[in-house]
Structure formats: C-alpha cells, structure tokens
Protein chains: 2
Amino acid sequence: MTGETLEQIGEVEVIRRLTRRLGEALNVVVGIGDDAAVVRFEDDSHDLVLTTDAVIEGIHFSAEAPSADVGRKLAGRLLSDLAAMGAEPLWILCNVAAPPRTSFRDLKQLYAGMKRIAARFGADIVGGDLSRAESLHLHGFAAGRIPCQRAVTRAGARPGDAIFVTGALGGSILGKHLRFTPRVTEGLWLRKSGWPSAMIDVSDGLLRDLAHILGSSRCAADIEVRRIPVSPAARKLGDGVPPLDHALRDGEDFELLFTVPPDKVERFIRSWKKKFRLRCTKIGTIRAGPPAINLRKPDGSVVRVSAEGYDHFCSQGGKTP
Amino acid sequence: MTGETLEQIGEVEVIRRLTRRLGEALNVVVGIGDDAAVVRFEDDSHDLVLTTDAVIEGIHFSAEAPSADVGRKLAGRLLSDLAAMGAEPLWILCNVAAPPRTSFRDLKQLYAGMKRIAARFGADIVGGDLSRAESLHLHGFAAGRIPCQRAVTRAGARPGDAIFVTGALGGSILGKHLRFTPRVTEGLWLRKSGWPSAMIDVSDGLLRDLAHILGSSRCAADIEVRRIPVSPAARKLGDGVPPLDHALRDGEDFELLFTVPPDKVERFIRSWKKKFRLRCTKIGTIRAGPPAINLRKPDGSVVRVSAEGYDHFCSQGGKTP
C-alpha cells in the first residue's frame, strides 16, 4: 500500500481517474459516467442498457435489516438505474458473498425479496454467483432495453429547462432506503413521452446528483429552497440537522431528478397529474454558466452551495468513519 | 440466524434450492445452472450470453497478490465462462468494494490488469460501481454473443462421446489461478467448428466440473487415469497429496473440458493439432447410466469416485476452514 489512498482522493475523482480510457469501443453508445452504460447489440431497433450496483452489510444495510428488504434493495437500486435512463428492465444477475454460517432461510428470503420487486417491473433473475466472505455482500447486474438513441442521459440539460423531482426527499435512513419503489414506470413514461432533457436517480443526495447533471450538461442551477419537497422522515429524524438539509443532502431516496425544456413545462405538468398520483415538484431552473448550484432562500438571498453529498471513501472531515 | 446454515447445506444444494423457479421467462434460452445465461434480445441472429463472477480477498487471492493479477483474474474468470459457452466476449462491468485505505495505485493496477486481458479478447469495460468495504471484493459481469441456438451447454453429452480437456491440470495455487489464459480463442473455434456436444470450464476441479456435465447430460463417464494431463505445478507442490489427486480435484485451472461425438473424434484431433499448439487430451468416454465417474487405473481396476471438489461453504470435513 503506497501512494495516495482512496479516502484521500475521494470517490468521484477515483472513478474519473480510473475510467478515463474505458468504454471507448464503437458499439458503446453511452459509456462510463452515467446511470448505466448503453451499448449497441447488432442492428436492432433497441439499445441494450447495462448497469451494476452493490449492497454491502454495514454500509448499505445493518445486520438487523430483514433479509427480504436487503434483496429488495439490491434489485431496487438496479431498477432505479434503469429507470433513470428511461429503460425497460429485462434481466438481473446477482452475486452473493456470504459467511458460511448464514442461515439458508435468510438467503431464501433475500432472493424472494429480490425476485418480488424484479417481477413487479418485468425483470427476470437469470444468473449469479455464490461465494464465501466475512460479511454479506450483494452485487447485482441488470440489463434493460431502450429504443436506439433514446436513452435519457445526464448530459442533455439546457439553460432555461425546469428542474423537477418526484416524491419527497430526506430521512431515507428511517426505512425508505430499504423499501423504496424504483420509479421504473415513471422513468419509462417520461422517456416515451419525450419530456426530460436529462435525468438521474437521487441515490447520492439531491445536491450531489444535481451536480452530476450539471457537470455532464455543463451548466448551473437555481434552486428555490421553499419548493424542495421535504419528506416527513426528514422532519422526524430530530438529530439537530434541519430537515431541509436532510432533503438536500441525504442519499438513497431513489426518486427521479430531471429537467424539462421550458416550452414543454406546462403540458408536462398537466400530463403528469393526469397519469400519476405521485408528487412531482418543480424545484428550480437550469442556468448558463459553469456547474454550480444557487440556493434561493424565501427572503430572496442566494447561497452558492457545493455539491458535496455522501462519499463512499471520505466522511465530512475527510476521514473514514 | 435460524435453521440450516449455508455450510450445512453446501454450495451446490443451496444454489439448486434458491434458483428452482428463476429464469423461466420466454426470452431466456439457457437459464440458471450453466456457465452463463443465454437470453434472446429482439429478433437477432445472435443470442446474448450473460455471466457473473466474484474475486474476493482471502478466498480467491491473498493480500500479497499483485493488484494487476487480481484484476486479470476477475476478467479472466468472466472470459472463461463465456469461452465455455463458445461465446464471443463483448462487454464487462466491474464492481469494486475496497477499504478506504486502499492505495489508488493498487486500484489503478487492478483496472489495468483487467483491461489488458479484456482487450486481448475483444471485450470493452463499460461500467461498474465503487463502494467501501472491510476487505477487497471484486464482482464482475460480462456479456457476450453467440449465434442463436448455438450455445454449447453442459447438457449435450451422449454415450460414446469422447471426453477432452485442454492444457494440464492441478496445482494452480502456485500461480496459474491468477495468471491463467482464458480459453476464449479455443472455445470460439470449437463452437464454430461444431465439435463439442457439451462443454464447461474447469473452475471447481476436473471431477466436479465433469460431474456438472454428467448431471446436466444425465450420463456417466469412464476416465483413463494414465491419460490425465498432470501439470508440473501439481508435481511440484510436494504436500504429500499425489499429483494425480491435485489434477483430479484442484480448482481454478480454467481449461476447457468438453465432449466430442465418436464419429468426429479423429477429424477433431487432426484439426486441433493443425490449429493450436495447446495440448488437448482425450481422457475418457461418456457412458450410459446415472451420473457417476469410473476411474480406470493402469492395472485395469476401476474405482468409482464421488465428484466432490471445492465447496465454497464446506471444507472436506463439512466444517468451515
């Protein structure tokens, strides 16, 4: 072990440095750096969308979490990645690394939880691998499909676009992080209807995921603080942190964050209300300029915020918890 | 944790019980229980082949293993799975779970090792996930393609077929388990030439992988002990276990084990020798009967052996190491 460590460099920069020259082949439509990779398989009317995710004991769930919820979370995360591209889920593979003393009943419930949420959104579990480890690690892979060139990436936001988010945000640690509903139906409808110019799922926290869109689209954002949909869970936490901060920074809400061109906004809002009961809130506007987020407070003052959220390698102080 | 544990049940039975009702959708050509899943994507001339594998510190490599070799092993295992179906590699995704104190240089070398072996066989790394863990876990996912209905499964062996294995077996722990060459070129050529009736890669040990073929094909095998290609590494181990036993039972040689119908055997042997310098040995014959392996010793006596090999959850005595 020599040189800089992962915690010193930080997750985003580690990934950027590692993946600089990957995914450059001709059949790769959208490479590394979006919610999923989009690849071309033969001369089809559809592209193939590939994504991976991990759910690790002690990081993504505690040892006390019900096994069915752990399985549900893994499949849910994969489905949420596909939803964020507007893709239709097809197949899931799941690697389980488990301590030998794991009870079979727990593993069975884990698979049942995974299978249930997958089946609900039309995905079939077709393979995987089982191996031994010190603690429980789940690594999942999903494939979906999307009509050629129709994937909704993070890179399409333009100045003037309205910024929307589904559901309510913050406090997912109280339960939603395990039992969220991936927004597959909404993601598919959004893509088919052609509303969003860019889209991502809120896995790392609103500010950080918005920053991903801004970085890929090379633009800035104004956010109206009073429009942020703060979840009851964020208000319930009572940990001294303002609920709004939870809504801005907590991860694992798995809602959809997307932008809609200005000329479509009114029609989009009407269509959404006709189609879904799920809340969908306009929280701000895309602006020209280098990637940055301006938070407009109710008193009219503006705070420029950094996009920091949860980093897998650095805690807030730059040290490992 | 209640009821039976994974180590009490054993890996093969755990997988059998977990996957009973998975992969039954109409677009699944070959479901769970082969080297890879084969699925139908649109009305193509090719099927899509999907596989996963894991490489875990302390299980699949020691902390002292060079990082480039660890990355090479993950991609190599995936490529070997595709080779065993006769598939052409296309895309790889890799999840890394690593301790925060991992050096970036190590992770970079790991990616370089993975990328090098992938590129050698035409595969592109298009995605993955990075998260924090107590020890280093790599989980990989690969997709390949194969002309429709041409995948070489474990289920096609018939009585009278000759049994072949590439390379030499045993003692991979001395280095080959990290630096093997996946037999992608050979697997593709075998499938294109139409020689094999069934095929698998030797990851769990010759006897155990042969048992997988016999179980799927519902037949037995006679093996000529003197024909087993024992590797120099197996002879070098000097651990008191006969080299032949290492060749029969050691895992992670990642050679191809396959069967060829009797009327094709002579032509196959000539073609192989013209095409490859790699050793390919006829080690026995498929027989009618329930799955069982008969080892014929040089003195003419026959021993019926069980197909036990490495079980990820049970050591030889049924306890965890």
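In chain A, the crossing of α3(A) and α4(A) is right-handed. The structure is a predicted model. The two helices α3(A) and α4(A), the latter spanning residues 104-120, pack at an angle of about 35°, and their axes lie 6 Å apart. On the side of α3(A), the contact draws on Ser67(A), Ala68(A), Asp69(A), Val70(A), Gly71(A), Arg72(A), Leu74(A), Ala75(A), Gly76(A) and Leu79(A). The residues contributed by α4(A) include Asp106(A), Gln109(A), Tyr111(A), Met114(A), Arg116(A) and Ile117(A). Classified by residue type, the contact of α3(A) with α4(A) contains 11 nonpolar, five polar and four charged residues.

Between them, 17 residues of domain 1 of chain A are in contact with 16 residues of domain 2 of chain A. On the side of domain 1 of chain A that touches domain 2 of chain A, the elements giving two or more residues are α3 (67-85) and β4 (88-98) of chain A. Of these, α3(A) provides the largest share of that side, with 10 residues. The side of domain 1 of chain A that touches domain 2 of chain A comprises eight nonpolar, three polar and six charged residues.

The relation between the two chains was examined next. Chain B can be laid on chain A with an RMSD of 0.0 Å by a turn of 180° and a shift of 0.0 Å along the axis. The two copies are therefore related as by a two-fold rotation axis. Of the interface residues of chain B, 100% are also interface residues in chain A, so the copies meet through the same surface. The contact takes 69 residues from chain B and 69 residues from chain A. On the side of chain B that touches chain A, at least two residues each are supplied by α1 (6-9), α2 (11-18), β2 (37-39), β3 (46-56), β4 (88-98), α4, β5 (124-132) and β6 (137-147) of chain B. Strand β5(B) gives the most to this side, with nine residues. The residues of the side of chain B that touches chain A divide into 34 nonpolar, 20 polar and 15 charged.

Strand β5(B) also belongs to an open sheet of six strands in chain B, arranged in the order β1-β2-β3-β6-β4-β5 with mixed pairing. Its edge strands are β1 (28-30) and β5 of chain B, each of which pairs on one side only. The twist from one strand to the next averages 25°. Within this sheet, β4(B) and β5(B) pair in the parallel sense over eight bridges, and Ile92(B) stands opposite Ile125(B) in β5(B).

A further open sheet in chain B is formed by seven strands in the order β8-β10-β7-β11-β9-β12-β13, again with mixed pairing. Here the edge strands are β8 (198-201) and β13 (302-305) of chain B, and each pairs on one side only. In this sheet the twist averages 25° from one strand to the next. Strand β7 (residues 162-166) of chain B and strand β10 (residues 256-260) of chain B pair in the antiparallel sense over four bridges, with Ile163(B) standing opposite Thr259(B) in β10(B).

The packing of α3 and α4 was also examined in chain B. Helix α3 (residues 67-85) of chain B packs with helix α4 (residues 104-120) of chain B at an angle of about 35°, and the axes of these helices are 6 Å apart. The crossing of α3(B) and α4(B) is right-handed. Among the residues making the contact are Val70(B), Leu74(B), Ala75(B) and Leu79(B) of α3(B) and Leu110(B), Tyr111(B), Met114(B) and Ile117(B) of α4(B). By class, the contact of α3(B) with α4(B) has 11 nonpolar, five polar and four charged residues.

Definitions and conventions:
Residues are numbered from 1 along each chain as its sequence is written. Chains are lettered from A and ligands numbered from 1 in the order in which they are written. This is a predicted model: local features need pLDDT of at least 70, side-chain atom pairs count only at pLDDT 80 or more; totals for chains, interfaces and linings use all residues. Two residues are in contact if their C-beta atoms, placed from the backbone, lie within 7 Å. Ala, Val, Leu, Ile, Met, Phe, Trp, Tyr, Cys and Pro count as nonpolar, Asp, Glu, Lys and Arg as charged, and the others, Gly among them, as polar. Axes are lines fitted to C-alpha atoms, for helices over the stretch in contact, and angles run from 0 to 180 degrees between N-to-C directions. A crossing is left-handed if the near helix is turned anticlockwise from the far one by less than a right angle, and right-handed if clockwise. Copies are superposed by least squares on the C-alpha atoms of residues with pLDDT of at least 70 in both. Two strands pair if DSSP finds at least two bridges between them.
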